[in-house]
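The sequence and structure are shown first.

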Amino acid sequence: MSAFRTSGPARFGQYLALLAYLVFLAFPFLWLISTAFKPAAELGSPHPSWIPRDPTLDNFRQAFDEQPLLRAAGNSLLAALAAALVAVLVATPMAYVLARHRSRLTAAATGWVVVSQAFPFVLLIIPLFLVLKNLRLIDSLAGLTAVYVVWSLPFALWMLTGYVRAVPVELEEAAAVDGAGRLRVLVSVTAPLLGPGIVATALFAFVTAWNEFFFALVLLKTPEKQTLPVVLTHFLGAEGVADLGPLAAAAFLATLPSLVVFAVIQRRITGGVMAGAVKS
């Protein structure tokens, strides 16, 4: 076991690198919070500070007065929840098939799922736009939700396939001996054991849809149907000058749902993984 131990200086270097990485990740969010509570005079100061000298909520009031943030947040929430639910419902049986019926066809399908994640948005937007136009789903939350499902489904399928393979086949064989069919085995035996994986996949689909901007910008034209990331761009002036205070306040509020959802289900994900690793 001594071969796997690291020396004191090496361990210190690892912790230092981890700390630097955490600071790199946290800096934009902390600066966003600081900016959201700064008054206009302090935002234009040539000597910015981390902690606002005179904290104010005027930026939040101005943000809600200038833009319909609540309506946009409701549109984003509706599309994100629907996309997460549909993606999980579709990906779970497909992942079961890919994990339990291995062949050249399923291997090719798995490879295509991974490769499809490399496709850029610009390559997909034109065919998706034409399909939605033929279905008369342009400028609708239903069409946007369908796009979110298509976009998140490959990664959701890849994630759930790994979780299904971690479930012991013997449990399914025992249920089959008792007379359960494939569908009954999936619903009553496999799916309950996939709880942490399903939650993690739903979280991924939700956060992806909540934060998505490009598809919503292209597909939604009616202001009443626009999502929150699109509405945030309205804080930019005609010449690209940002109304920095209200923009920071609105962006801070837009990040909260993702943080809250992850904080609520994080313990469940960790607990489920640890419980599945222990045999009674």
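## Basis

A polar contact is a pair of N or O atoms within 3.5 Å; within protein, one atom must be able to donate a hydrogen and the other to accept it. The model discussed here is predicted.

## Residue T92

T92 lies in helix α4. The side chain of T92 reaches the backbone oxygen of V88 at 2.7 Å. With a relative accessible area of 11%, T92 is buried, the cut-off for that class being under 20%.

Apart from neighbours within four places in sequence, T92 is in contact with L160, L194 and I198.

## Residue A79

A79 also belongs to helix α4, which spans residues 69-100. Its relative accessibility is 1%, so A79 counts as buried.

When residues up to four places away in sequence are not counted, A79 touches T145 and Y148. The C-alpha atom of A79 is separated by 8.9 Å from that of A146, although the two residues are 67 residues apart along the chain.

## Packing of α4 against α10

Helix α10 covers residues 195-211, and α4 packs against α10 at an angle of about 145°, with the axes 8 Å apart. The crossing of α4 and α10 is right-handed.

On the α4 side, the contact is made by A73, S76, L77, A80, L81, A83, A84, A87, V88 and T92; on the α10 side, by I198, T201, A202, A205, F206, A209 and W210. By class, this contact of α4 with α10 has 14 nonpolar residues, three polar residues and no charged residues. T92 and V88, which are linked by the side-chain to backbone approach at 2.7 Å, are both among the α4 residues of this contact.

Terms used:
Residues are numbered from 1 along each chain as its sequence is written. This is a predicted model: local features need pLDDT of at least 70, side-chain atom pairs count only at pLDDT 80 or more; totals for chains, interfaces and linings use all residues. Side-chain values use heavy atoms; hydrogens and water are left out. Helices (H or I, at least four residues) and strands (E, at least two) are DSSP runs, numbered from the N terminus. Buried means under 20% relative accessible area, exposed over 50%, partly exposed in between (1.4 Å probe, protein chains only). Contact means heavy atoms within 4.5 Å. Axes are lines fitted to C-alpha atoms, for helices over the stretch in contact, and angles run from 0 to 180 degrees between N-to-C directions. A crossing is left-handed if the near helix is turned anticlockwise from the far one by less than a right angle, and right-handed if clockwise. Ala, Val, Leu, Ile, Met, Phe, Trp, Tyr, Cys and Pro count as nonpolar, Asp, Glu, Lys and Arg as charged, and the others, Gly among them, as polar.
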